[in-house]
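Keep the structure open beside the text.

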Amino acid sequence: MTRSALPGLAIAIGVLIAGLLLAFTIGRYPVSLAELGNVLLAKISGHRPDVSPAVESVILQVRGPRVLAAALVGAALAVAGTAFQGLFRNPLVSPDILGASSGAALGAVVGIFLSLGVLAIQGLAFVGGLLAVGAVYVIGSAVRARDPILVLVLTGVVVGALLGAGVGLVKYLADPYNQLPAMTFWLLGSLAAANASDLLPLFGPVAIGSAVLVALRWRMNVMSLPEEEARSLGVATGPLRVAIVAAATLTTSASVATAGIIGWVGLVVPHLSRSLVGPDFARLLPTAAILGGGYLLLIDTLARTAAEVEIPLGILTAVIGTPFFIWLLASMQRTWS
Amino acid sequence: MNIEGRDLTIGYPDQTVGRGLDVALSTGEVLALLGPNGGGKTTLLKTLLGLLKPKAGEVRLGDKPLDEYSVRERARVIAYVPQVHIGTFAFTVETVVLMGRTAHGNLFSRPTTHDRAVAHSVLERFGISALANRPYTMISGGERQLVLLARALAQEPRFIVLDEPTASLDFGNQGKVMNEIRALAKSGHGVLFTTHDPNHALRAADRAYLLRDGVRIADGPAATVLNREQLKALYQASIDQLIDRDSGAVAFLPG
């Protein structure tokens, strides 16, 4: 009963294609599939499309960057979640666990508080995420314990709480008319402001982090065994753990810097991917990236179109993620050692 | 080739478990490590594997100190069979065995055709080829023990160290694992295993090493060292000795 990865991968690709088509065509200004095909073909071949300039602009300028950003952010969070779950040998952890998200959040609200430009805010979010994980790592390693993983996770929770208090303080001090709405909006997660200039600073770190993880895919399989077993199989677990955490934090921070805090994607998607293609990281990482892109595209389309005003992404992912987590917890009890 | 611990003080940063321990294991021999719970068996095992640094003394592998080997070099000489566990993720049996090949590849490599051939030949040796594509989480405890043995053998090591290989097995599988341990020594491996059952040591080991409260009580040929007086002293319990009238085989009963 060997399981081929192909059916699972095909489902993930199907979700991505569905996500792409829906994201391009649905919205306040509906676009037909024919118009979409026409514009994209024209773009590729260099001809002028024979649709109205308004339709072309909706597809290329308005929805295009947002669609690409959603796919990239979804892929980044899913890949990071896959890596963290393997590394911590626990299917219930997610990229938020090491303080990456809360560090990035603090960086961003400080940037908004200081009335910095968009790029500087993104930069601060990015640095905040990396610093938070760095701090968690240094503190976690300094505490000598027999279970370093547990210590690391708990340190992440504690440092995350402190950073959350910092976010609260900055919000308390912020100008309630100009700054506070921007902070709130950003903390809830949104792709509404995504534009073409966001794509490169998003794509670069996501590509680098994912490439590192893909290169280490076999070692990551071994790293998901208990520490001493992995070492006795010839894996230098210490340095490798640093490399995996750094790569996963890079992709997380880049996506938080672009889209704010979008929780749960990094928990839900790796789990769904594992049920599609199994736990081998060689299959799991690409599947999670594709499925994560499709998943966030679907959610972002829902966020744009479900109500009169846009619903923040973080709220939708939480509404889906929380019951999923509880279900996972309940069904896990039997097999989780 | 030898693994040798000289005048070892073993333990954890905040706790010393044993002192003054000398222990040696050669290729082609089976050494059983016996002693009551908390006596230091597992700590000694992990120290000899290089998973735990000795607090004093030295572990040597061949002609070099063990800590001069890289993690990867070490894994190509010594394999570790931990106590059977369920595992977090449902890797296939084949993937689990292929993980034994990790030390033979570099940081970025995937298993090669040769690695797969090795994995299949060890699966065949243990008669579990049919399990290759089953999830490791869905097979029985006895099958898991054999899979972990197969993974250790896939490392192509000189030494195999097993932590209570019979602990979670039924009677038949215990015998099967004992036989495999004998066969491993016959094929030139040095085998070290811990056990709670002196009968297993008698059955499978050339030598027995008795450890109580971190102190070596005896170390010698299993048939000599494992007698009623030694075992009484080791476990501080009363023990009956049975002798088979036909074969002369000896067994012990606790209580």
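## An enclosed helix in chain B

Seven of the nine residues of helix α1 of chain B (residues 41-49) are buried, so this helix is largely enclosed by the rest of the structure. Note that the model is predicted. The buried residues of α1(B) are B:Lys41, B:Thr43, B:Leu44, B:Leu45, B:Thr47, B:Leu48 and B:Leu49. After α1(B) comes B:Gly50, with a positive phi near 85°.

What does α1(B) lie across? It lies across β1 (2-12), β2 and β4 of chain B. Relative to β1(B), α1(B) runs at about 125°.

## The sheet and a hairpin

Those strands belong to an open sheet of four strands in chain B, in the order β2-β1-β4-β5. The pairing is antiparallel. At the edges are β2 (15-26) and β5 (64-65) of chain B, each pairing on one side only. Strands in a sheet pair through backbone hydrogen bonds, in either a parallel or an antiparallel way.

| Strand pair | Bridges | One bridge |
|---|---|---|
| β4(B) (residues 56-61) and β5(B) | two bridges | B:Arg60 with B:Pro65 |
| β9(B) (residues 207-212) and β10(B) (residues 215-221) | six bridges | B:Arg207 with B:Pro221 |

The second pair, β9(B) and β10(B), is a hairpin. Two residues sit between its strands. In the turn, B:Asp213 has a positive phi of about 50°.

## Two helices side by side in chain A

Now turn to chain A. Helix α1 (residues 6-25) and helix α13 (residues 281-305) of chain A have axes that come within 8 Å. How do the two helices run relative to each other? The axes cross at roughly 30°. That is under the 35 degrees cut-off, and α1(A) and α13(A) are therefore roughly parallel to each other. The crossing of α1(A) past α13(A) is left-handed.

Which residues make the contact? From α1(A) come A:Gly8, A:Leu9, A:Ala12, A:Ile13, A:Val15, A:Leu16, A:Ala18, A:Gly19, A:Leu20, A:Leu22 and A:Ala23. From α13(A) come A:Thr287, A:Ile290, A:Leu291, A:Gly293, A:Gly294, A:Tyr295, A:Leu297, A:Leu298, A:Asp300 and A:Thr301. By class, the residues of this contact between α1(A) and α13(A) are 14 nonpolar, six polar and one charged.

Note on methods. Residues are numbered from 1 along each chain as its sequence is written. Chains are lettered from A and ligands numbered from 1 in the order in which they are written. This is a predicted model: local features need pLDDT of at least 70, side-chain atom pairs count only at pLDDT 80 or more; totals for chains, interfaces and linings use all residues. Axes are lines fitted to C-alpha atoms, for helices over the stretch in contact, and angles run from 0 to 180 degrees between N-to-C directions. Angles under 35 degrees count as roughly parallel, over 145 as roughly antiparallel, 65 to 115 as roughly perpendicular and the rest as oblique. A crossing is left-handed if the near helix is turned anticlockwise from the far one by less than a right angle, and right-handed if clockwise. Two residues are in contact if their C-beta atoms, placed from the backbone, lie within 7 Å. Ala, Val, Leu, Ile, Met, Phe, Trp, Tyr, Cys and Pro count as nonpolar, Asp, Glu, Lys and Arg as charged, and the others, Gly among them, as polar. A residue is buried if 20 or more other C-beta atoms lie within 10 Å of its own, exposed if 12 or fewer, and partly exposed in between; C-beta atoms are placed from the backbone. Two strands pair if DSSP finds at least two bridges between them.
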